[in-house]
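Here is a friendly walk through one protein chain, written for someone who likes to know which cut-offs lie behind each term. Have the viewer open as you read.

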Amino acid sequence: MARAGLTTDRLVRAGAELADEVGFDQVTVSALARRFDVKVASLYSHLRNSQDLKTRIALLALEEMADRAAGALAGRSGKDALAAFANVCRDYARAHPGRYTAARHPLDDATAAGSAGVRIAQLTRAILRGYDLAEPDQTHAVRLLGSVFHGYVDLETAGGFAHSAPDSEESWDRILDALDSLLRNWPARP
């Protein structure tokens, strides 16, 4: 029997908060049970196991990021859209480090296909339509943007840019300028 007041949604949101506090890798059903001061067994009517909890946190994080990205991109194109999207990724990682990690948690094919990750990919491709990239170059550009945004954010949040000038904000702005320039001047295929 489910404990009164505990719902799957409440547990997933609490798990997401826990991920932000202690790191996504530290999130388990046991840790969540301690947070609610309940026995682990009382959570199994809502969650199958820790992997199920992590998958649900990943889905929540993708949904939150997709919603933020859609709002940030509304009415924008070109470099404005590129910068807005990039800043959503970076700002989300800063505000929710555990959830940001969760958003990159591996999902099985069916779960991924039904996730907000699809919306994020569609929003990325919408940005790239402003640069007039056809396939397969559009896919290459999607991968480039993801690599740059996530790589930069990972290095920055780990303190990788804290000990040298210029400051990270200036580098971020210059990187966005460089990406915009690259996308506007995408190399022709040989």
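Predicted model: local features only at pLDDT ≥ 70, side-chain atom pairs only at ≥ 80, totals over all residues.

## Ground rules

Residues are numbered from 1 along each chain as its sequence is written, and side-chain values use heavy atoms, with hydrogens and water left out.

Helices and strands are DSSP runs (H or I of at least four residues for helices, E of at least two for strands), numbered from the N terminus. Buried means under 20% relative accessible area, exposed means over 50%, and partly exposed is in between, with a 1.4 Å probe and protein chains only. Contact means heavy atoms within 4.5 Å.

## Annotated regions and helix α2

UniProt, in an unreviewed entry, gives residues 5-65 the annotation "domain: HTH tetR-type". Its positions are given in the numbering used here, feature names are shortened, and annotations may be inferred rather than shown by experiment. Over residues 5-65 the chain is 64% helix and 0% strand, with 27 Å between the end C-alpha atoms. The unreviewed entry in UniProt also lists residues 28-47 as "DNA-binding region". For residues 28-47 the figures are 40% helix and 0% strand, and the end C-alpha atoms are 11 Å apart.

Helix α2 spans residues 29-36, and its buried residues are Val 29, Ala 31, Leu 32, Ala 33 and Phe 36. What covers these buried residues includes α1 (8-22) and α3 (50-73). In an α-helix there are 3.6 residues a turn, so residues three or four places apart point the same way.

## The nonpolar core

A nonpolar core here is a set of buried Ala, Val, Leu, Ile, Met, Phe, Trp, Tyr and Cys residues joined through side-chain atoms within 4.5 Å. The largest one has 57 residues, and Phe 85 and Phe 149 touch the most other members. The elements giving two or more residues to this core are α1, α2, α3, α4, α5 (97-102), α7, α8 and α9.

Which residues does Phe 85 contact, leaving aside its neighbours within four places in sequence? They are Ala 69, Leu 73, Ile 120, Leu 123, Thr 124, Ile 127 and Phe 149.

## The largest pocket

A pocket is found on a 1 Å grid over the protein atoms alone: it is an open set of points where a 1.4 Å probe fits, with protein on both sides within 12 Å along at least five of seven lines, and lining residues have an atom within 4 Å of a point. The largest pocket holds about 420 Å³ of space, where a volume is the space filled by probe spheres set on the points, and grid points are joined across faces, edges and corners.

Its lining has 18 residues, and Leu 62, Gly 117, Ile 120, Ala 121 and His 150 lie nearest the centre. At least two lining residues come from each of α3, α4 (78-95), α7 (117-129) and α8 (137-157), and α8 gives the largest share, 5 residues. By type, the lining divides into 12 nonpolar, 5 polar and 1 charged. Here Ala, Val, Leu, Ile, Met, Phe, Trp, Tyr, Cys and Pro count as nonpolar, Asp, Glu, Lys and Arg as charged, and the others, Gly among them, as polar.

## Loop backbone

Asp 37 follows α2 and lies in the loop between α2 and α3. Its phi is near 55 degrees, a positive value in a residue other than glycine. Asp 37 is exposed because its relative accessible area is 68%. Asp 132, in the loop between α7 and α8, also has a positive phi, near 60 degrees, and is exposed at 71%.

Two cis peptide bonds deserve a look. One joins Glu 135 and Pro 136, with omega about 0 degrees, and Pro 136 is in the loop between α7 and α8. Another joins Ala 165 and Pro 166, with omega about -5 degrees; Pro 166 lies in the loop between α8 and α9.

Is Ser 168 buried or exposed? Ser 168 is buried, because its relative accessible area is 13%. Ser 168 lies in helix α9 (residues 168-184) and touches Arg 90, Tyr 152, Glu 156 and Phe 161, not counting residues up to four places away in sequence.

Gln 122, in helix α7, counts as partly exposed at 48% relative accessibility. Gly 71, in helix α3, counts as exposed at 52%.
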